Amino acid sequence: MARLFEYQSKKLLKQGGIPVPAGEVASSPEDVRRIAETIGRPVALKIQVWVTGRAGIGGIQFADTPEEAAAKAGQLLGMKVKNFIVERVLVEEKLDIRAEYFAGVVIDDAAKRPLFIFSPVGGTGIEEIARLHPEKVARKTIDVLKGFPEHEARNMLLQVGVKGRLLPKLADLLTKLYQVARTSDARSAELNPLVLTADDILYAADCHFVVDDYAVYRHPEFGIEIAREFDRPPTELEKIAYNVEEKDYRGTFYFFQMVEQTAGSEKYIGFNGAGGGGSMMSMDAVLNRGFKLANYCDTSGNPPASKVYRAAKIILSQPGIMGYFASGSGVASQEQYHSARGLTKAFQEEKLDIPAVIRLGGNFEEKAIEILQTYLKDIPAIIEGYGRDDSPEFCAGRLEELVTKSGGRRYEVRPFVETPIPEKAYVFETVTGRISFDHSKCSACQSKGCVAACAPKILKIEDGRPVLAITPEEAGKGKCTECLACEIFCKFHEQDAIVIQLPIPGLKEYRDRIIAGQDENQ
Amino acid sequence: MAILVNEKSRVIIQGITGREGMARTRLMKDYGTQVVAGVTPGRGGQDVYSVPVFDSVAQAWEKQGPVDVSVVFVPAALVRGAALEAIDAGVQLLVIVPDRVPIHDVLEIAARAAEKGARFVGPNTLGLVSPGKAVLGMIGGRAERAREWFKPGFVGVSSRSGGMTSAISYYLTRAGLGQSTIVHVGGDAVVGLSHPEVMALFEEDPETEMAVMFGEIGTSQEERVADLIEGGRFTKPLIAYIGGKAAKSGTRFSHAGAIVEGSRGSYETKVKRLHEVGAHIVEAISDIPAKAREIAGSRPK
């Protein structure tokens with residue numbers, strides 16, 4: 001789930017009519033000084049990182065003068081907090097706080113409704129308060145068709161003893177918070193603490209917003225790089241992978257890098273699961289064999305072969321892995337040959353030389369296993385394909401044996417080389433790449449088998465050469481499903497006249513850097 | 001009997017002209033599901049595997065007669081609109097296949113469904129199948145495979161993982177145990193019919209004699225099934241597997257989230273609660289068929 005920084009959340013609150021302390025975000029001491037001068041009063045400096053308990057680690061400082069603020073900001077910026085380097089501080093007017101409250105909107109999965117929570121006891125330890133003093137925590141599930149009217153907010157506040165002039169004031173603020181949570185597609189939106197100052201004004205002093213990953217596309221203004229929850233900034237390889245996922249809506253490709261360096265004696269492998277439950281079960285099976293995962297990847301929801309190909313290319317950009325393990329639920333509804341073809345193209349290009357165990361159980365698993373066995377015979381690696389009657393535990397055992405047999409050889413990342421398209425080739429664009437036919441080779445072709453191999457039937461023979469039977473626009477819009485069947489057929493049974501280019505932006509440069517590192521280590 | 005769907009259910013497909021819509025229409029028709037119409041706005045008058053396509057759900061209903069179920073295959077961003085259209089037209093059961101549907105959209109669908117007395121499975125579901133009767137969604141992939149993997153019988157299956165729904169059912173079939181209905185409840189945090197709601201339906205179904213549940217860490221679904229059993233509202237034998245033992249525990253998205261779930265949501269609490277109320281917990285998926293056999297063997301004749 002994608003988190004927002006405090007300064008981003010406060011911008012949303014302000015737009016929604018909820019008062020926030022005067023302030024601005026800064027990334028240099030000079031900016032901090034300028035902002036503090038504009039505020040013209042003592043300020044608070046707050047580091048902008050996704051950790052709780054910032055005050056306890058010195059991440060919140062106070063300054064009476066702009067000079068003091070700049071000096072303190074100099075210490076905060078660049079500070080290392082858990083996995084984050086502090087790049088920004090929020091400079092705000094220091095508040096004279098009289099009381100602290102908690103207010104939040106979350107989603108209640110059992111009620112299938114948003115749930116509003118308010119407590120007159122704010123600050124840290126709200127879970128503790130909820131456990132020890134449930135009577136001090138008011139809850140109200142909200143009917144999304146009706147919204148959250150002020151009288152419901154007032155009734156909720158009355159339950160926990162709010163009264164006097166504060167009651168309508170707070171009720172107004174809570175209804176606004178609900179609106180902000182809805183319009184920003186928040187999974188959770190919390191003000192903690194929501195404060196009352198000595199001059200009787202309510203402010204959102206600190207806040208915490210988590211945006212629904214699936215709705216991030218509606219909010220380009222948040223600038224969310226990767227719509228997932230990380231306890232560290234995303235790695236370069238994760239950014240490359242996420243870009244692939246974002247540009248191709250067909251199926252799901254999730255990639256999480258567990259380690260960037262696979263040094264030491266640990267047995268790291270590349271992991272390619274399929275489906276949440278199946279991936280988890282498969283992960284348990286390899287972990288039980290003493291393997292460590294260099295990455296956790298999940299290609300599911302019927303992705304095209306091209307997406308599985310890109311996943312494999314990204315997994316194989318991690319140096320030092322000793323094997324490749326692909327395994328899903330074992331009884332998948334999706335046709336398994338798409339994954340088989342994607343892996344085949346990737347393993348062929350990489351000339352893979354570490355063992356791979358591929359468990360492709362489900363629809364057309366026989367064909368999928370046959371593709372792996374037929375077209376990966378000539379590469380250095382041993383590739384074994386399994387189906388629904390072979391358990392993840394058995395397959396993990398096979399990988400262990402193959403890795404032992406290979407003497408624990410570690411994978412060296414290769415340069416990223418794209419096969420060039422011949423100058424006079426017949427070319428058309430696909431959803432995420434391009435396909436070329438070198439027609440000068442087609443006269444020697446006896447079978448014209450590429451036409452038969454094409455499942456969506458978009459090719460035809462004209463003057464003895466394969467061409468599109470539909471318009472190039474239709475092919476580019478998805479009639480070509482990027483199943484890779486024509487290319488594999490032509491490469492192994494005919495003239496090797498077809499080249500399918502599936503670019504992965506940034507991967508070439510990434511690998512070049514990894515390779516430079518590999519060479520240094522030798 | 002079975003639950004939710006049978007050979008008499010009249011089904012439409014929203015998004016029938018898309019990639020998945022088309023492919024899975026064929027699966028459903030070949031399996032024997034009564035697919036009476038498809039809907040894609042702007043494509044009315046076409047047909048897909050001889051299923052007539054209409055511009056709206058209301059139109060499909062008017063021309064083809066009453067509709068019991070709509071299976072939704074439109075892109076995630078359009079799911080809300082499609083689902084509300086079907087509910088407003090009077091459809092009582094929706095199967096929402098796409099994943100990545102924004103959660104606030106799901107809440108709105110849930111509210112409107114509750115208002116109209118409709119139910120939905122998903123989003124992010126492979127669908128469901130009552131073996132030998134009908135399939136909804138994409139579970140099984142192809143009709144001949146669905147017939148081979150799933151056989152009619154007395155075990156009800158409910159799962160939060162799509163692939164594992166098929167896997168568990170296939171392993172049961174291989175052990176000679178058929179299924180009444182197999183439901184993939186969907187992988188998202190908020191789903192239309194969750195485990196406890198499916199169990200309540202299995203309780204009422206005379207054909208279902210025992211249930212298998214594939215649970216996962218997160219949400220309160222499995223604990224609520226335990227509450228059902230404790231309250232005497234689910235009385236049939238239940239075999240449960242909980243996935244995610246090795247996953248990092250305590251992955252919670254906020255403080256307030258923790259307040260909602262309280263002590264619920266983790267692997268340990270789910271297993272403990274289910275164990276307390278007498279459910280049969282298995283440690284490995286492969287143990288399910290043997291456990292089911294054992295229970296079936298001891299049932300009163």
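Trainee: In β11(B), which residue is the bridge partner of B:Ser159?

Mentor: This is a predicted model: local features need pLDDT of at least 70, side-chain atom pairs count only at pLDDT 80 or more, and totals for chains, interfaces and linings use all residues. Residues are numbered from 1 along each chain as its sequence is written, while chains are lettered from A and ligands numbered from 1 in the order in which they are written. Strand β10 (residues 152-159) and strand β11 (residues 179-184) of chain B pair in the parallel sense over five bridges; strands are DSSP runs of E, at least two residues, helices are runs of H or I, at least four, both numbered from the N terminus, and pairing needs at least two DSSP bridges. In β11(B), B:Ser159 has as its bridge partner B:His184.

Trainee: Which helix makes a β-α-β unit with β10(B) and β11(B)?

Mentor: The unit is right-handed: with the strands pointing away from the viewer, the path from the first strand over the helix to the second runs clockwise. The helix between these strands covers residues 162-174 of chain B and is α6.

Trainee: How many residues of β13(B) are buried?

Mentor: Buried requires 20 or more other C-beta atoms within 10 Å of a residue's own, exposed 12 or fewer, and partly exposed lies in between, with C-beta atoms placed from the backbone. In a regular strand the side chains alternate between the two faces of the sheet. B:Leu238, B:Ala240 and B:Ile242 point one way from β13(B), B:Ile239, B:Tyr241 and B:Gly243 the other way, and all are buried. Of the six residues in β13(B) (238-243), the number buried is six.

Trainee: Through which helix does the chain cross from β12(B) to β13(B)?

Mentor: Strand β12 (residues 210-216) and β13 of chain B run parallel, joined by six bridges. Among the bridge partners, B:Phe214 faces B:Tyr241 in β13(B). The β-α-β crossover is right-handed, and its helix (residues 221-230 of chain B) is α8.

Trainee: Which residue in β14(B) does B:Ile239 stand opposite?

Mentor: β13(B) and strand β14 (residues 280-281) of chain B are parallel partners over two bridges. There, B:Ile239 stands opposite B:His280.

Trainee: Which strands stand at the edges of the open seven-strand sheet in chain B, each with a single partner strand?

Mentor: The pairing in this open sheet is mixed, and the strand order is β3-β4-β2-β1-β5-β6-β7 (chain B). Each edge strand has a single partner, so one of its sides has no neighbour in the sheet. In chain B these are β3 (47-48) and β7 (119-121).

Trainee: Which residue in β4(B) stands opposite B:Val48?

Mentor: β3(B) and strand β4 (residues 51-54) of chain B run antiparallel, with two bridges between them. B:Val48 is opposite B:Val51.

Trainee: At what angle do α2(B) and α3(B) pack?

Mentor: Helix α2 (residues 57-64) and helix α3 (residues 79-89) of chain B have their axes 9 Å apart; axes are lines fitted to C-alpha atoms, for helices over the stretch in contact, and angles run from 0 to 180 degrees between N-to-C directions. B:Val57, B:Ala58 and B:Trp61 in α2(B) meet B:Glu85, B:Ala86 and B:Ala89 in α3(B), where contact means C-beta atoms, placed from the backbone, within 7 Å. The helices are therefore oblique, since under 35 degrees is roughly parallel, over 145 roughly antiparallel, 65 to 115 roughly perpendicular and the rest oblique. The angle is about 40°.

Trainee: Which element gives the largest share of the side of chain A that touches chain B?

Mentor: The contact takes 55 residues from chain A and 50 residues from chain B. Elements giving two or more residues on the side of chain A include β8 (97-108), β11 (186-197) and α8 (276-288). The largest share is eight residues, from α8(A).

Trainee: Is A:Lys460 buried or partly exposed?

Mentor: A:Lys460 sits in strand β23 (residues 459-462) of chain A. Leaving out residues up to four places away in sequence, A:Lys460 touches A:Val451, A:Val467 and A:Ala469. With 14 other C-beta atoms within 10 Å, A:Lys460 is partly exposed.

Trainee: What percentage of the residues of chain A count as buried?

Mentor: Chain A has 17 helices and 25 strands. Its C-alpha trace spans about 90 × 55 × 50 Å along the principal axes. Of its 522 residues, the buried share is 47%.

Conventions. Two residues are in contact if their C-beta atoms, placed from the backbone, lie within 7 Å.
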